[in-house]
Amino acid sequence: MPPDSETPPRTAWRPYVLLAALALACLVPFCEKAFHVDDPLFVWTAQQIVKHPLDPYGFNLVWYTNIAPMSEVTKNPPLAAYYSAAIGSAAGWSEIALHLAFLPFALAVILGTYYLAGRFTRDPMLAATATLLTPAFLVSSTSVMCDTMMLAFWILAAILWLEGLDRMKPALLACSAL
């Protein structure tokens, strides 16, 4: 449902700046956080990609107590690892470099949530702030795993789909499908 005439337009920049500042205030302090949980899987895959770009899972590792092929250990697509490979090659493999590189996806989730909520609710700021402050989001968005990146792409796909329908633009619908 489009906003009524009393609702500020979704394109007003102030809420976006405020949300971006709030998100950065919540997430930047964790940029030095050690890699944990499955982060090493993504970093090791990225390092493999640098050496063998067409064979991202072509190595063995010790996971839990067994040696196993990475292709059996990981259950994630390699896009985040390819992104990390590009960042790691250019900026180094430190926690700070990789965590900072993943911040734009967290920002995209929060700003995209605000945008979508502006179409469907009266208080998009509440929806975006609640998303940011959800513990699961805070934990996921301070990792170098693919969760936040995939959520950002999903939100972008929803925005492109709705805009494609509203504007009758098949190109936006096609981009959404990609």
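**Close-up 1. R119 and E163, both buried, in a predicted model.** R119 and E163 are both buried, and the model they come from is a predicted one. Their side chains pair up in a salt bridge, with 3.3 Å between the closest N and O atoms. R119 sits in helix 5 (residues 95-120) and E163 in helix 8 (residues 147-167), so this contact ties together parts that are 44 residues apart in sequence.

**Close-up 2. R119 meets D166.** Here the side chains of R119 and D166 form a salt bridge, 2.6 Å from N to O. With R119 in helix 5 and D166 in helix 8, the pair links parts 47 residues apart in sequence. R119 counts as buried because its relative accessibility is 9%, under the 20% cut-off. D166, on the other hand, has a relative accessible area of 48%, so it is partly exposed.

**Close-up 3. E163 and R167 within helix 8.** E163 also forms a salt bridge with R167, the closest N and O atoms being 3.1 Å apart. These two are 4 residues apart in helix 8, which means about one helical turn separates them. E163 is buried, at 8% relative accessibility, while R167 counts as exposed, at 51%.

**Close-up 4. The salt bridges put together.** How many salt bridges does a search of the whole structure find? It turns up 3.

Terms used
Residues are numbered from 1 along each chain as its sequence is written. This is a predicted model: local features need pLDDT of at least 70, side-chain atom pairs count only at pLDDT 80 or more; totals for chains, interfaces and linings use all residues. Side-chain values use heavy atoms; hydrogens and water are left out. A salt bridge is a side-chain nitrogen of Lys or Arg within 4 Å of a carboxyl oxygen of Asp or Glu. Buried means under 20% relative accessible area, exposed over 50%, partly exposed in between (1.4 Å probe, protein chains only).
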